[in-house]
Amino acid sequence: MELNRLEPEQRRAFDEDGFLVLRNALDADTVAALVKAGDRLAGSFLDKPPVSHKTNYNHLDLRPGLLREQPFLSLVTQSPAVPLIVQLLSPNIHLHSTAMIYKRWAGEDGTPFRIGWHRDIRIPRDLGHSGLPRVGIKVCYCLTDFPERDSGMTLFARGSHKKTDPLALRKGEVDPDDVEVCDMQLNAGDAFIFENRIFHSAAPNFSKRTSKVIMYGYAYRWMKPEVYLENPDDRRLMMLDPITRQLLGGYKDIDTPPWALQDWASRAGVMPPAIPWTVEV
Ligand SMILES: O=C(O)CCC(=O)C(=O)O
């Protein structure tokens, strides 16, 4: 895996905003291969006509089975986002979730609605909103252009990863008004990373073309992957490169050091300082 060094300005922006845009993360051939595989998986969704007044029917969020497709499997490691995520979390990570999200035209009326502002991984349900840790980062790859607002891009409340209470929505409103809501305009091949604590929401696609993204979540290895994530069996794992093997659960127990990414980080000069159990006082 090639080093994509996290610049101090990128770290600052990510720490401040809770997300970071990576322009031209994927080349056109990679996007085309992902779209081809994705469209095959989404065949029945793409074949049916859009359903008016039932917006959820125009929204596909496909999670299991993606890694059986070679272009999706390659993307687990072969992406400029992954070295950045290693530098932001640590080498001790694995793949935690996968999703392919297609949104068809939501219909004429343009009524705003949201599919739910939330923080990822449901941690606040147990720990509350205060003092939450950053334990995972998702990368979202655009497979289509998102040329204007309301094109189906996920919405982000900038800086809301620092909030210590629930997001406040005025009665009858779908978005908060005390934080900046970002509806990003991006091109196919662009990507962005976002962390588990940031409030975000699915939003409808009011443009007349189908919007397409893929999201991969990476998290510390002590976070149990989502149940639908089918890692390759041991025989297939052995055929993969060491970093992909680590990311796909190749080390069974948490006490095994994350050799592959540790080795990569040491050679790249981005190994985080070791945190000792004890110090001499
Ligand atoms: O469908 C979307 O745009 C948002 C997806 C989302 O909220 C998530 O993956 O956590």
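How far is an oxygen atom of the ligand from an N or O atom in the side chain of Asp120? The distance is 3.0 Å. The structure is a predicted model, in which local features need pLDDT of at least 70, side-chain atom pairs count only at pLDDT 80 or more, and totals for chains, interfaces and linings use all residues. Residues are numbered from 1 along each chain as its sequence is written, and side-chain values use heavy atoms, with hydrogens and water left out.

Two further residues also place a polar side-chain atom by a ligand oxygen atom, as the table shows. A polar contact is a pair of N or O atoms within 3.5 Å.

| Residue | Distance to an oxygen atom of the ligand |
|---|---|
| His59 | 3.5 Å |
| Asp120 | 3.0 Å |
| Lys138 | 3.1 Å |

The protein covers 93% of the 300 Å² of accessible area (Shrake-Rupley method, 1.4 Å probe) that the ligand has on its own. The residues around the ligand (a heavy atom within 4 Å) include Arg63, Ile101, Thr154 and Met215. By class, this shell has three nonpolar, four polar and four charged residues.

A pocket is an open set of points on a 1 Å grid, where a 1.4 Å probe fits, with protein on both sides within 12 Å along at least five of seven lines; lining residues have an atom within 4 Å of a point. The volume of the largest pocket is about 830 Å³. Its lining comprises 34 residues, and His118, Arg119, Asp120, Ile121 and His200 lie nearest its centre.

Notes
Grid points are joined across faces, edges and corners, and a volume is the space filled by probe spheres set on the points. A polar contact is a pair of N or O atoms within 3.5 Å; within protein, one must be able to donate a hydrogen and the other to accept it, and residues adjacent in sequence count only if both atoms are side-chain atoms. Ala, Val, Leu, Ile, Met, Phe, Trp, Tyr, Cys and Pro count as nonpolar, Asp, Glu, Lys and Arg as charged, and the others, Gly among them, as polar.
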